[in-house]
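Student: I would like to go through this model term by term. For each label, tell me the criterion and then the value that meets it.

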Amino acid sequence: MSEITLDVRHLPKAQAYLELESHLASVLEGIEDDIAVMATVSCLLHHGFGHLWTGFYRVVEPGRLLRVGPYQGTLGCLEIAFGRGVCGTAASEGRTVVVPDVEAFPGHIACDGRSRSEIVVPVFGADGTLHAVLDVDSERLATFDDEDRQALERIVARFLAVRAPAAA
């Protein structure tokens with residue numbers, strides 16, 4: 001089963017996330033390496049939904065700096081300061097940020113000019129500290145909604161929050 005990369009674009013969103021979560025549970029069973037988990041989550045979300053960019057920015061200086069981690073898509077920004085852009089805002093505020101139109105988001109960082117909408121989900125460790133953010137970009141406006149927020153928060157909580165942080 002681990003060799004299968006699901007394409008869930010034809011399914012209703014709720015069902016697509018359930019299928020993907022089940023697949024992730026199977027593929028990641030027994031895996032406790034943060035980088036392997038991030039890479040696998042990025043891959044399956046990216047290809048499953050056909051997003052423009054899907055990946056993680058890891059906290060390398062708490063409260064100050066995020067650095068790109070495993071991702072799928074074009075070259076991403078290598079570092080993002082807390083409070084800067086959508087990723088930095090989600091990191092500094094410790095909350096998921098859903099942006100229907102990136103052009104309307106003050107201080108948006110355009111790593112890929114084709115990005116039109118974005119969702120960024122904070123990833124907290126079992127100790128409550130921020131370890132990373134999951135960043136997903138789409139070429140279409142208003143791609144992400146509360147259903148995506150809830151599902152992506154479940155995914156990162158289930159597969160990353162209980163693990164110890166990887167070395168930066």
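This is a predicted model: local features need pLDDT of at least 70, side-chain atom pairs count only at pLDDT 80 or more; totals for chains, interfaces and linings use all residues.

Student: How do the residues of the lining of the largest cavity divide into nonpolar, polar and charged?

Tutor: They divide into 7 nonpolar, 3 polar and 5 charged. Residues are numbered from 1 along each chain as its sequence is written, and side-chain values use heavy atoms, with hydrogens and water left out.

Student: What makes a space a cavity, and what makes it a pocket?

Tutor: On a 1 Å grid over the protein atoms alone, a cavity is a set of points where a 1.4 Å probe fits but cannot get out; a pocket is an open set with protein on both sides within 12 Å along at least five of seven lines, and lining residues have an atom within 4 Å of a point. A search of the whole structure finds 1 cavity of 30 Å³ or more. The largest cavity has a volume of about 140 Å³, where volume is the space filled by probe spheres set on the points, with grid points joined across faces, edges and corners.

Student: Which residues lie nearest the centre of the largest cavity?

Tutor: Of its 15 lining residues, Ile 109, Cys 111, Glu 118, Asp 135 and Asp 137 lie nearest the centre. β1, α3 and β6 each give two or more residues to this lining, and α3 has the largest share, 3 residues.

Student: What is the volume of the largest pocket?

Tutor: The largest pocket holds about 200 Å³ of space. It is lined by 16 residues, and closest to its centre are Arg 9, Phe 49, His 51, Arg 140 and Thr 143. By class, its lining has 7 nonpolar, 4 polar and 5 charged residues.

Student: Why is α1 called roughly parallel to α4?

Tutor: Helices here are DSSP runs of H or I with at least four residues, strands are runs of E with at least two, and both are numbered from the N terminus. Axes are lines fitted to C-alpha atoms, for helices over the stretch in contact, and angles run from 0 to 180 degrees between N-to-C directions. The axes of α1 (residues 13-27) and α4 come within 10 Å and cross at roughly 10 degrees. Angles under 35 degrees count as roughly parallel, over 145 as roughly antiparallel, 65 to 115 as roughly perpendicular and the rest as oblique. Therefore α1 is roughly parallel to α4.

Student: Which residues in α1 meet α4?

Tutor: Contact means heavy atoms within 4.5 Å. Lys 13, Ala 14, Tyr 17, Glu 21, Leu 24 and Ala 25 are the α1 residues that meet α4. By class, the contact has 8 nonpolar, no polar and 6 charged residues.

Student: How do you know that two strands pair?

Tutor: DSSP must find at least two bridges between them. β1 (residues 53-61) and β6 (residues 130-138) have 6 bridges, in the antiparallel sense, and Tyr 57 stands opposite Val 133 in β6. β2 and β3 also pair antiparallel, over 3 bridges.

Student: What makes β3 and β4 the edge strands?

Tutor: The open sheet has 6 strands in the order β3-β2-β1-β6-β5-β4, with antiparallel pairing. β3 (79-81) and β4 (97-99) each pair on one side only.

Definitions and conventions. Ala, Val, Leu, Ile, Met, Phe, Trp, Tyr, Cys and Pro count as nonpolar, Asp, Glu, Lys and Arg as charged, and the others, Gly among them, as polar.
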